[in-house]
Amino acid sequence: MEIIVLGREDIKKILELDKVIEGVRKVYCLKSEGKTVVWPSLEYHFEEEKAVMDIRSGYVKDENLHGAKMLNNFPLNIELGIPSFCGMLLVFDSKTGVPLGVMDAAYITSMRTGAAAALGVKALARKDSKNLLIVGSGLQSIYMLAATLIAMPQIEKVRIADPFKYENAVKFAENAIERLTNEFKIENLDKIEFCAVKDLSEALNDTDAVITITRATSPIIKKEWVKPGTHFSCIGADMIGKEEIDPEIFRDARIFADDIVQCISFGEMEIPYKMGIITRESIAGELGEVLSGKIEGRKTDDEITIFDATGLALLDLVTGKVAIDLAKEKGLGTIVEI
Ligand SMILES: NC(=O)c1ccc[n+]([C@@H]2O[C@H](COP(=O)([O-])OP(=O)(O)OC[C@H]3O[C@@H](n4cnc5c(N)ncnc54)[C@H](O)[C@@H]3O)[C@@H](O)[C@H]2O)c1
């Protein structure tokens, strides 16, 4: 039996962010129609290495795809000069169980996560939104920014904050145009202002949409800083105990999940749910239901909207299958007999 093996560099040559956004939109809609299955996820913390691995898996019925992704985050690798964020994605044909491909999962994860954050902003932020705030200036942040600028071409000002190291936000803002142009082929960026911010309370006075993408385990945004009408795409909290925004922000907000079970178990909703600030009934629904027109997203210009995205293997599987098909077309990757 032959399968294709794809490395990170192969995948980088093939995947285009606008197509990934469209693929993720389609999977969210399929999920809202009951055409997907999300299997329970698993995580393990390596004490000595201060590291964590997680396994996510699922089944996309219409695409005849199922599979699993194992991601490792070993932050101490930086000192060894090797990547801290590594993983593998396995894609199978669901009609036969035959494996279709094995590939690097880190780049696909970043691309589909950016797409998820951006779809949350596009579907739930006010249509006249112009000011975007990205909280976190780590590895994933550029993907959040790139996808949001593709999905929301009306954005005029992007602020970047780093709760740990302001200098990293400054560096991120300085390099943003070059990276967006070279890595994502985004044009017409000269009309957008990119700047680093130190004071989140001040920045939130004038922010329409916020994407949180940090490793925080306690809130970095307080409720009293948030003005009516703000949208949040909360992406960083993808495991038990992670938390980026004040649980009180959830109290009167219109809230959406990528997957309700995952979000209340280990997403940004975990803590407000455990505290009793929200119940299952307070969750308006899943983003796919908004994207497929089943439920209303934002109802008024004044309400606060929150999209909690914990990450679904479904997104990786569909993106991985696109990469497999394009690689075969372009003669990239390595065919291996197994
Ligand atoms: N939801 C998803 O689908 C998904 C996908 C990929 C990554 N993630 C999560 O996104 C987060 C960011 O990932 P990354 O690869 O960019 O990480 P990274 O380590 O490259 O960057 C992390 C950012 O968070 C800040 N930070 C670190 N610890 C913090 C703390 N205790 N409090 C406040 N800020 C802190 C850092 O200064 C930096 O700006 C992680 O929690 C990761 O697990 C979620």
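Modeller: Start with the element names: helices are DSSP runs of H or I with at least four residues, strands are runs of E with at least two, and both are numbered from the N terminus. By that naming, N64 lies in the loop between β3 (51-60) and β4 (65-73). The model is predicted, so local features need pLDDT of at least 70 and side-chain atom pairs pLDDT 80 or more, while totals for chains, interfaces and linings use all residues. Residues are numbered from 1 along each chain as its sequence is written, and side-chain values use heavy atoms, with hydrogens and water left out.

Biologist: What makes the phi of N64 worth a remark?

Modeller: Phi of N64 is near 55°, a positive value, and N64 is not a glycine. Most residues other than glycine have a negative phi.

Biologist: Why is N64 called partly exposed?

Modeller: Its relative accessibility is 26%. Buried means under 20% relative accessible area and exposed over 50%, with partly exposed in between (1.4 Å probe, protein chains only). The value for N64 therefore puts it in the partly exposed class.

Biologist: And why does K185 count as exposed?

Modeller: K185 has 64% relative accessibility, therefore it is exposed. K185 is found in the loop between α6 (166-184) and β9 (193-196), and it too has a positive phi, about 55°, without being a glycine.

Biologist: How many aromatic pairs does a search of the whole structure find?

Modeller: Five. One of them is Y44 with F46, at 5.1 Å centre to centre and 80° between the planes.

Biologist: Why is the pair of Y44 and F46 called edge-to-face?

Modeller: Rings of Phe, Tyr and Trp (its six-membered ring) pair if their centres lie within 6.5 Å; planes under 30 degrees apart count as stacked, over 60 as edge-to-face and the rest as tilted. With 5.1 Å and 80°, Y44 and F46 therefore pair edge-to-face. Y44 is partly exposed at 48%, and F46 is partly exposed at 27%. F46 also pairs with F74, at 5.2 Å and 45°, and this pair is tilted.

Biologist: What does the pair of F46 and F74 tie together?

Modeller: F46 lies in strand β2 (residues 36-46) and F74 in the loop between β4 and α3 (77-80), so the pair ties together parts that are 28 residues apart in sequence. Y44, F46 and F74 form one aromatic cluster.

Biologist: How do you know that the length of α4 agrees with the number of its residues?

Modeller: The expected span of a helix is 1.5 Å times one less than its number of residues. For the 19 residues of α4 (residues 106-124) that is 27 Å, and the end C-alpha atoms are 27 Å apart, so the two agree.

Biologist: What makes α4 largely enclosed?

Modeller: Of its 19 residues, 18 are buried, so the rest of the structure largely encloses it. S129, in the loop between α4 and β7 (131-135), has a relative accessible area of 0% and is therefore buried.

Biologist: How does the reach of α11 compare with what is expected?

Modeller: α11 (residues 313-330) has 18 residues and reaches 25 Å, close to the expected 26 Å. Its buried residues include L314, L317 and I324. Just after α11, G331 takes a positive phi of about 70°.

Biologist: Which side chains does the 2.7 Å polar contact join?

Modeller: Those of E270 and K274. A polar contact is a pair of N or O atoms within 3.5 Å; within protein, one must be able to donate a hydrogen and the other to accept it, and residues adjacent in sequence count only if both atoms are side-chain atoms. E270 is found in helix α9 (residues 270-275) and is buried, at 3% relative accessibility.
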